[in-house]
Amino acid sequence: MRLLVVVPLFHKYTRSLESIFNQDAPCPVDYLTLANDDPHSDGTLQGNYKNIRSKYARARELFLANEYDAFICMEDDIVLPPDAITRLLACESDVAYGLVCWRHGADKPWSARLPDDTQPLGRVLSETPDQARALYGQVVDVVGVGQACTLIRRHVLEALEFRIEPDAVECCDWHFAKDCVAHGFTQRADLGLVCGHISPHPTPRVIWPDPSEKRLWRVSRL
């Protein structure tokens, strides 16, 4: 087993990078950092999404050109526990996710989305607080989504590319999760692999999923 950890550099938060590069890996791991190559930086959200997709597309090419077994996304605004890689592997899934909160908006929803035939990409687990608390700490089947702390097995990337839609309001992680559903790949989230999401606003802080809080998230200092 050999892994490639892909780190697209943008925020370059020290606390995040320290947590990424100090993982207790159970097997050989190579790191690929991607920086200083953002040709679509035009001040628009779509431009940012194009830059992110471009970085992951280059990483995918390198991954497939070498004998790696899994591709792990670790983004530089995420604070990870030291056993993140071990826990992702233990999910035994085609795609495995850690748990983060999205930092935008007032609600700070959890990243895990459960299958739900009434919605294109399931439903957000934290929208049902009782269920979120009951499932917290478990490994559950999901339909995504996110690349904050995510493991992707080789056969998945042999079949799928990272993509975005023209003028889309979603980044490549959304479309990747959709494509995994369409191809029947298993997706699981370890709801005990709790990661912090760094936000610079209104002051530098880290947002954490926390079922003990009424709102299901808490904040700590960066």
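User: Before we start, what should I know about the model and its numbering?

Analyst: It's a predicted model, where local features need pLDDT of at least 70 and side-chain atom pairs count only at pLDDT 80 or more, while totals for chains, interfaces and linings use all residues. Residues are numbered from 1 along each chain as its sequence is written, and side-chain values use heavy atoms, with hydrogens and water left out.

User: What makes the radius of gyration of the protein chain agree with a compact globule?

Analyst: The rule is 2.2 Å times the number of residues to the power 0.38, with the radius taken over C-alpha atoms. For 222 residues a compact globule would come out near 17 Å, and the protein chain has 16 Å, so the two agree.

User: Why is Ser-111 called buried?

Analyst: Buried means under 20% relative accessible area, exposed means over 50%, and partly exposed is in between, using a 1.4 Å probe and protein chains only. Ser-111 has 4% relative accessibility, so it counts as buried. Ser-111 sits in the loop between β5 (95-99) and β6 (113-114); helices are DSSP runs of H or I with at least four residues, and strands are E runs with at least two, numbered from the N terminus.

User: Which residues does Ser-111 touch?

Analyst: Contact means heavy atoms within 4.5 Å. Leaving out residues up to four places away in sequence, Ser-111 touches Gly-98, Leu-99, Val-100, Trp-102, Gly-144 and Val-145. Gly-144 and Val-145 are themselves joined by a cis peptide bond, with omega about 15 degrees.

User: What makes a set of residues a nonpolar core?

Analyst: The members are buried Ala, Val, Leu, Ile, Met, Phe, Trp, Tyr and Cys residues, joined through side-chain atoms within 4.5 Å. The largest one here has 42 residues, and Phe-71, Leu-125 and Phe-162 are among those touching the most other members. Apart from it lies another core of 24 residues, including Cys-27 and Leu-80.
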